[in-house]
Amino acid sequence: MGSKPPVQDDSDVDLTVSKPKRWAAGIPSLTESMPQAVSAMGPERSLKTLLALNQKDGFDCMSCAWPDPPERKTAEFCENGAKAVTWEAGLLTVPREFWEANSVSSMRERTEYWLGQQGRLVDPVYKPAGSDHYQPVSWDNAFRIVARELHALESPDEAVFYTSGRTSNETAFQYQLFARAFGTNNLPDCSNMCHESTGLAMGETIGVGKCAISYEDFAKSDLIIIMGQNPGTCHPRMLTALEEAKMAGAEIVAINPLPEAGLINFRNPQRPRGLVGKGTDLANQFLQIRLAGDMALMQAVAKRVFRAEAAAPGAVLDHAFLEEHCQGLEEYRAHIEQVDDQAVMAATGLRTAEIDELAARYLKADKVIVTWAMGLTQHKKAVPTIKEIINLLLLRGNIGKPGAGPSPIRGHSNVQGDRTMGIWEQMPPAFLDALGKEFNFDPPRANGADAVQSIRDMRDGKLKVFVAMGGNLVGAISDTAVAEAALQKTTLSVQISTKLNRSHAFTGEQALILPTMGRTEIDRQASGEQFVTVEDTVCAVHASYGKVEPVGDNLLSEMAIVSRLARAVLGNDHPIDWAGFEANYDTIREHIGHVCKGCEDYNAKVRRPGGFVLPHPPRDSRTFPTPSGKAMFTVSELETVQVPEGRLLLQTVRAHDQFNTTTYSLNDRYRGIKKGRHVLFVNPSDLAELGIADGSYVDVHSEAPDGVDRVLPQQRIVGYPTARGCVAAYFPEANVLVSLDETAEGSNTPVSKSVVVRLEKAAAPAYATAH
């Protein structure tokens, strides 16, 4: 079984492959992004947006959640941030004629890249049941259609309200309030597919599932360990913080199956040495670990820490911290001492000397940061892997002191804020109690469906109305064919969007696209110009002000859409003041201050220059809000992915010119790929063993336990210096290979970094042979 691949459009026809880069940014970061911005937005609009990006009186980047430094530079953006602004604020719009010329079924034959290139959505459109075309519809009629279908449900739990991480705090709070006032906790979001494993692991061990450091801590650290992360592509401004840390004396260790350019050398385009010099070498040590070997590595380092303590009692572990703040040390020590060294070598693919070197760096450092991203969170054992990071940090007191702590790096710009505002299918009773008290109603208490469960429930006919506040669930979720079919079994699908993506092509019997304003655009409501707020990866909350005119006169803001949707569904006489929320966003912020923990006096705090930082007890005071009141050591049995002979382990990755499922161009210059995406990165030694030639084509088959033959067809082989036994393919194209039922234990996150695959030789596609 497999999803039929879309036609290639212009992709891959002119595919070229060159050697991967060994440095990131520099002059190419300027020559790649600035001409695109001027071409799409014009000089004046480009100047207004880019100079306001991430400034204290500007708007927050819609690309990633990387925090802003206390002192901002004039150009406080990266290459991919500039591309994200260009993608959103460009002047090209989808004309009304588009919907007549392009059927829904024909849109299914188009790539994500082609769909995104059609321009901004500016008019609401509706696909009636039995029709293959969207057609323009008025806003009032659109809201009436949603109300009609929601009222027809037998239970509110037959509806699901998905949320993208680009949604502002104000919209997220109002959206979850609407869903719960309607009667359901079905509030999945993109975090279910990325950092859910992080939140669970950190919540159970230190009591808070968020980053436990500040931006300034990077420059105070002695050692920064970067795991399963590619900041040069996914959050490039992090490279500046790493450069600052390196210049202040920190050592950096990169742990990853792929040697990523941004962790080798950074040529800062805002420094002369970055433009004309050799830049800054970042990683002191690169550990090319096998996929899913990170838990074994953390246990192996911890074993060496205990050995060092045994050799010098009282001189290695932070005994005062452990005695006062931690629980479970002895059980953990007994377990770690039994870790099998040969099992560690097999799981990691590393040499003993490499692990010894990492352990020596850890033991030498007084202040250690461990930072990670989706390379760790999308494995079956993701939750225990992250718990092992916490274990290692606890041993030497590396939580709650300057320059030290766990630092998960969120990808989407406000996914963390969404959770703070209540976007979660299993919000704790304290939040629901506060919400009910504030608005005088009884919120539903049963946990709702997360993203994976929502697809299952749509597939099985249990969910009938799907509403998405942004995002591209069909593109982002695992098991593409199942996801596409599941959405098509709903009675109504609603997408609140800025641009087209493949989720607009796989619809319910009826479908609506509701176009919304972007973060770059000035938002005028009855009380005047509005601003919104977001929370970045270090728990800092700040305001975001749109700076340019909206690209269409018929656009509504996200806040206005949710407000009018709630009034249409719940009635204009509903006791919650939905109309007031739309007229003045201060109104919703007053409620946020009463309901959301740490947000007291919210309206005043977010008006401070730079905003404010939410409380984080482990970081702020070494207070751990776990049931025991202590930070918890945990014991996890080492278990690795078993890969049969002749098979490989696949991970999905982003290209450089990409953010999540959005493709800015068909290039991935750091990996040497130009004008194509249908490639498979394989170690040359593995190719030799398999008898497959570099540059040839293969069909990629996944081998999930359910026995379903999922296929990614006709991928061009690229010999690449990845870890032995591991391969990489681009997300979201390779999502077709990931079984919906293969998820991380506990978090239910798709295991997109641990897919057992076999490669079968295939004929070159027609466009390749003809070119």
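Buried residues account for 64% of the 771 residues in the protein chain. The model is a predicted one. The protein chain contains 32 helices and 31 strands.

**Overall fold and surface**
- Along the principal axes, the C-alpha atoms of the protein chain fill a box of roughly 75 × 65 × 55 Å.
- Among contacts in the protein chain with a separation of 6 or more, 79% join residues 24 or more positions apart.
- The protein chain exposes about 26500 Å², and carbon and sulfur atoms supply 51% of this area.

**The largest pocket**
- The volume of the largest pocket is about 1200 Å³.
- The lining of this pocket comprises 38 residues, of which G209, K210, R419, W424 and P428 are the closest to the centre.
- Two or more lining residues come from each of the helices α9 (196-205), α21 (415-420) and α22 (429-439).
- By class, the lining of the largest pocket consists of 15 nonpolar, 15 polar and eight charged residues.

- C326 belongs to strand β11, which spans residues 326-327.
- The relative accessible area of C326 is 10%, and C326 is therefore buried, the cut-off being under 20%.
- Leaving aside residues up to four places away in sequence, C326 touches F321, L394, K630, A631 and F633.
- R445 is 119 residues from C326 along the chain, and the C-alpha atoms of C326 and R445 are separated by 32 Å.

**Backbone features in loops**
- A cis peptide bond links F731 to P732, with omega near 5°.
- P732 is located in the loop between β30 (726-730) and β31 (755-762).
- N660 is not a glycine, yet it has a positive phi of about 50°.
- The loop that holds N660 runs between β24 (658-659) and β25 (662-663).
- N660 counts as partly exposed because its relative accessibility is 21%, and buried residues must be under 20%.
- K675, likewise not a glycine, has a positive phi of about 60°.
- K675 lies in the loop between β26 (673-674) and β27 (679-682).
- With a relative accessible area of 40%, K675 is partly exposed, as a residue would have to be over 50% to count as exposed.

Key
Residues are numbered from 1 along each chain as its sequence is written. This is a predicted model: local features need pLDDT of at least 70, side-chain atom pairs count only at pLDDT 80 or more; totals for chains, interfaces and linings use all residues. Side-chain values use heavy atoms; hydrogens and water are left out. On a 1 Å grid over the protein atoms alone, a cavity is a set of points where a 1.4 Å probe fits but cannot get out, and a pocket is an open set with protein on both sides within 12 Å along at least five of seven lines; lining residues have an atom within 4 Å of a point. Grid points are joined across faces, edges and corners, and a volume is the space filled by probe spheres set on the points. Helices (H or I, at least four residues) and strands (E, at least two) are DSSP runs, numbered from the N terminus. Ala, Val, Leu, Ile, Met, Phe, Trp, Tyr, Cys and Pro count as nonpolar, Asp, Glu, Lys and Arg as charged, and the others, Gly among them, as polar. Buried means under 20% relative accessible area, exposed over 50%, partly exposed in between (1.4 Å probe, protein chains only). Contact means heavy atoms within 4.5 Å. Accessible areas come from the Shrake-Rupley method with a 1.4 Å probe; for residues, only the protein chains shown count as cover.
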